[in-house]
Amino acid sequence: MFVSDCLNVNEKGHLTIGGCDTVELAKRGTPIIVYDENEIRKNCRAFVKSIEENYDGKGRVIYASKSFSCLEMVRICNQENMGLDVVSGGEIYTALKAGFPAERIYFHGNNKSYEELSEALNAGVGRIMVDNLTELETISELAKEKNVKANIILRIKPGIDAHTHDFVKTGQIDSKFGLALETGEAMEAVKHILTVDNIELCGVHCHIGSQIFDIEPFEHAAEVMVKFIADIKSETGYEIKELDLGGGFGIKYKESDKPNPYDSYMKAASKVVKAECKKYGLEVPFIIIEPGRSIAGATAVTLYTVGSVKEIPGIRTYVAIDGGMSDNPRYILYQADYEVVCANKASEERTKKVTVAGKCCESGDLIQEDTMLQEVEAGDIVAVLSTGAYNYSMASNYNKLRKPEVLMVKDGVARTIIKRETYEDLIKNEI
Ligand SMILES: *Cc1c(COP(=O)(O)O)cnc(C)c1O
């Protein structure tokens with residue numbers, strides 16, 4: 001009935017998540033973000049199973065922790081036998097603090113700093129995803145200094161249009177990420193890398209974008225990448241052993257979104273990978289996938305309290321909530337879609353067209369424009385659905401708002417996994 005299986009309506013007509021009444025949870029203070037642990041694990045397991053089934057287990061699911069990184073999320077990914085995709089020293093630190101094994105950490109980013117690379121090598125992260133040759137030189141120097149070998153995966157721009165928002169496309173030639181295939185840049189880089197000291201070229205990587213519903217771009221990417229591995233072999237004699245096909249699987253934000261089951265992406269891509277490997281006489285490489293949004297996104301809701309309802313006759317009705325771009329900047333960034341439900345009137349029809357506005361001092365601070373909602377008034381609880389990915393992780397303290405509390409619920413029981421910030425937290429680094 002809602003965008004995610006973990007959501008329901010109870011006998012009081014209240015929205016529930018993971019068996020917990022959201023109206024009760026909101027009494028702890030709003031805004032508050034609530035995740036359903038079973039739903040997170042269900043998604044993890046679906047991806048892990050798909051690797052087992054489609055590649056006989058010769059592969060790894062690495063959670064893109066930038067979508068939602070915190071100690072508890074990292075622990076869950078560890079328990080689910082996944083790897084972790086990190087993009088900063090801060091995410092590495094979080095992973096290590098949560099006890100995540102360094103050898104299953106994969107370090108991404110288009111401009112990793114010297115310090116971050118040094119920290120990564122000290123920690124012994126499993127792979128560093130190399131974005132460019134300047135970075136490669138730094139890694140080589142650092143590895144030499146530390147007397148270690150850096151295992152790297154090279155990021156490639158495969159030249160694929162992923163049919164998604166321009167800001168979340170990454171595979172095309174005009175992208176800040178990786179090295180281009182079409183121009184020969186990537187092949188040149190590979191030839192160079194094979195001569196560089198203290199570097200082991202383990203694999204090649206592509207990530208074509210995010211919130212992609214079509215299967216075809218993933219098949220196309222798989223085809224292009226296997227051909228690249230074949231070309232490397234024929235030009236250098238070196239056989240690449242790992243192929244990272246990235247993340248980007250679309251999730252349900254609106255009722256009208258029709259995402260494919262995650263397994264169908266894996267099935268389709270694995271068919272292509274296997275067929276192309278056969279064609280070129282290659283062994284099927286170890287496959288890595290990097291889901292972020294599709295693990296965390298649809299597993300959470302954000303609860304807000306309505307402060308006021310402002311009707312501008314003939315124009316629009318604003319419903320003002322006690323959060324906004326500070327906890328969810330995705331609408332102001334790229335007009336992201338969301339479903340909005342009045343949590344304490346969840347069994348009623350959504351009959352009124354409203355614009356849900358945040359409390360930050362920006363006219364663009366909206367959560368959703370012209371969306372259908374129940375008739376609401378001050379004091380009602382509004383739930384924004386599918387806020388598990390790129391919400392808390394993108395939150396800021398704009399207007400000196402405190403980052404919200406984050407709860408994890410499981411089978412009707414809620415626990416805090418991130419405390420709400422205090423006013424003291426807001427000034428703790430100020431002198
Ligand atoms: C962001 C990102 C991901 C995860 O993307 P989702 O759309 O959240 O699945 C995976 N790999 C790379 C390199 C990324 O930048």
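1. Start with the domain layout: the centres of domain 1 and domain 2, taken over C-alpha atoms, are separated by 36 Å. Bear in mind that this is a predicted model. Domain 1 comes in two pieces, 7–36 and 297–427, while domain 2 runs over 108–291.

2. Together the domains bury about 920 Å², and carbon and sulfur atoms account for 53% of that. If you want to see who does the work for domain 1, look at Tyr334, Asp337 and Glu339: they supply 47% of the area domain 1 buries against domain 2, more than any other three residues.

3. Salt bridges across this interface: the rule finds one. Arg350 also deserves a look, as it forms a salt bridge with Glu255, with 3.7 Å between the closest N and O atoms. With the cut-off set at 4 Å, that pair does qualify as a salt bridge.

4. Now for the second largest pocket, which has a volume of about 340 Å³. Its lining takes in 20 residues, and those nearest the centre are Asp5, Glu39, Lys42, Asn43 and Tyr262.

5. Where does the lining of that pocket come from? Helices H2 (37–55), H9 (262–280) and H10 (293–296) are the elements giving two or more residues to it. H2 has the largest share, with four residues.

How values were computed
Residues are numbered from 1 along each chain as its sequence is written. This is a predicted model: local features need pLDDT of at least 70, side-chain atom pairs count only at pLDDT 80 or more; totals for chains, interfaces and linings use all residues. Side-chain values use heavy atoms; hydrogens and water are left out. On a 1 Å grid over the protein atoms alone, a cavity is a set of points where a 1.4 Å probe fits but cannot get out, and a pocket is an open set with protein on both sides within 12 Å along at least five of seven lines; lining residues have an atom within 4 Å of a point. Grid points are joined across faces, edges and corners, and a volume is the space filled by probe spheres set on the points. Domain bounds come from an automatic or database domain assignment. Buried area is the accessible area (1.4 Å probe) that two parts lose on being put together, summed over both. A salt bridge is a side-chain nitrogen of Lys or Arg within 4 Å of a carboxyl oxygen of Asp or Glu.
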